[in-house]
Amino acid sequence: DVVTPDGNLIAADEKTNSDLFWAIKGGGGNFGVVTRFRLRLHPIPPKIFAGQRVHMPLGGWFKNRSFLIQKFASVTVESKDNKAGGLLVLPCAGPVVEMLLYVDDPEVGKKYFAKHRKEIGWPISDNMKPRSYHNEIQKFAPDEKGNYYMTGILLPKMSPKLAETLDTLVSGSFEYYANSSCVIMVAPMGGAVSDKNETDTANPHRDVGFWIIVIGSWKGQPRTDYYIQNRRKSVAWVRKVKELLTPFAKGHYAVLGEVGVHAEGGKEEESKGEVSKVEEENAKTEDDTKNLTDEDLDKYREAELEKGMCEMATGLSKRNVYGKNLAKLQRIKKQYDPENIFRMNDNIIPKA
């Protein structure tokens, strides 16, 4: 069920409003508010094989961080077993953590990961065992009480140069280091993700190897000096990490709250109206804040964030979010949201 910009509640599935159904699966929140889902379920055994393996990237016998990243990447990409999954978590100035699960008989999963344990390195901690799928999957989500600033990019493959860059970005000696709560997560793609063609859903990136998720995190009470200082450092770290990883990128996924303006072929004239709206909103912000000190400006931004506002980019986005599907998405946007009500996102410009 979807509430459209004109206030109507409509159903969307493979037979009813199928164009909208296609668009909202990867369309970056451009078409309405989904109020109810009907989900296809899959059988899950009472117990799966899951847990964490922790590595100390000390070098020598323990292996270094870039080696661990490359081995994890090669093992996961080469695997053809879609029942296995996981993340590689890289906390700043911390250990390398494999968060793993095998969704099937725990004995089968135990044998599967026993081989990988020898290939990737020598973990100082390994708590892999039969566990509840429901309890384990919650560990992949950030703490809802935390403060986060996130971004992410899609990568075609893991190279030695990329692994070395990731190693540098989470190092405690990195110039933009913020705190040990900031993390980079390496999520292998493939499997069911690559079973679809690029035009089967609005998300076209079906042949990527990895999704790199960058999470800046900080503590403190909003509007306090401690909070503002920590937020500033964490946001600066995220932005620098994204800048340095972008040369390796294949594309982006419209899910992490980033904002941009997208039009077919990157033609500026097609987006002038929407860019003007953005510029007007940003101009109002500048009028409201032009006489503020840096400290007061940070407090102003925190207040805006608490109201759900976000900073918008001007001009056409250079981020490859929608790929070859953009033209079709623009036509669907024109049908369901011709006034572009939903635009605080990776915005698709309506076009007949």
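Analyst: Gladly. This is a predicted model. Let us start with a strand pairing. Strand 5 (residues 84-91) and strand 10 run antiparallel to each other, with four bridges between them.

User: What makes strand 5 and strand 10 a pair?

Analyst: The bridge count decides. A pair needs at least two bridges. Strand 5 and strand 10 have four, so they are called paired. Within strand 10, Val 183 has Pro 91 opposite.

User: Which strand do six bridges join to strand 10?

Analyst: Strand 11 (residues 210-218), again in the antiparallel sense. Here Ile 184 faces Val 214 of strand 11.

User: Why is strand 10 called largely enclosed?

Analyst: Strand 10 covers residues 183-188, and six of the six are buried, so the rest of the structure largely encloses it. Both faces show this. Val 183, Met 185 and Ala 187 point one way, Ile 184, Val 186 and Pro 188 the other, and all are buried.

User: Why is Asn 230 called buried?

Analyst: Buried means under 20% relative accessible area. Asn 230 has 16%, so it counts as buried. Asn 230 sits in helix 6 (residues 225-245). Beyond its neighbours within four places in sequence, Asn 230 contacts Trp 218 and Lys 219.

User: And Phe 174: buried or exposed?

Analyst: Buried. Its relative accessibility is 12%, and the limit is 20%, so the label holds. Phe 174 belongs to the loop between helix 5 (160-169) and strand 10.

User: What is Phe 174 in contact with, leaving aside its neighbours within four places in sequence?

Analyst: The partners of Phe 174 are Thr 168, Leu 169, Trp 237, Lys 240 and Leu 244. There is also a C-alpha distance to note. Phe 174 and Cys 92 are 82 residues apart in sequence, and their C-alpha atoms are 9.3 Å apart in space.

User: Which residues form a nonpolar patch with Ile 24?

Analyst: Val 34, Phe 37, Leu 39 and Leu 41. A patch residue needs over 30% relative accessible area. Together the five residues of the patch have about 540 Å² of accessible area.

User: What makes the phi of Ala 93 worth noting?

Analyst: Most residues other than glycine have a negative phi. Ala 93 is not a glycine, yet its phi is positive, about 55°. Ala 93 lies in the loop between strand 5 and strand 6 (96-102). Its relative accessibility is 48%, so Ala 93 counts as partly exposed.

User: What is the phi of Arg 223 near?

Analyst: Near 75°, again a positive value in a residue other than glycine. Arg 223 is in the loop between strand 11 and helix 6.

User: How do you know how confident the predictor is?

Analyst: The pLDDT tells us. The chain averages 83, and 82% of the residues score at least 70. Over residues 266-272 the pLDDT is below 50, and this stretch has 14 contacts in the model beyond near neighbours in sequence. Residues 305-315 are also below 50, with 24 such contacts.

Key. Residues numbered from 1 in each chain as written. Predicted model: local features only at pLDDT ≥ 70, side-chain atom pairs only at ≥ 80, totals over all residues. Heavy atoms only, no water. Buried < 20%, exposed > 50% of the residue type's maximum accessible area, 1.4 Å probe, protein only. Helix = DSSP H or I, 4+ residues; strand = E, 2+ residues; numbered from the N terminus. Contact = heavy atoms within 4.5 Å. Patch = residues over 30% accessible without salt bridge, like charges linked within 9 Å, V, L, I, M, F, W, Y side chains within 5 Å. Areas by Shrake-Rupley, 256 points an atom, 1.4 Å probe, with all protein chains shown as cover. Salt bridge = Lys/Arg side-chain N within 4 Å of Asp/Glu carboxyl O. pLDDT = per-residue confidence, 0-100.
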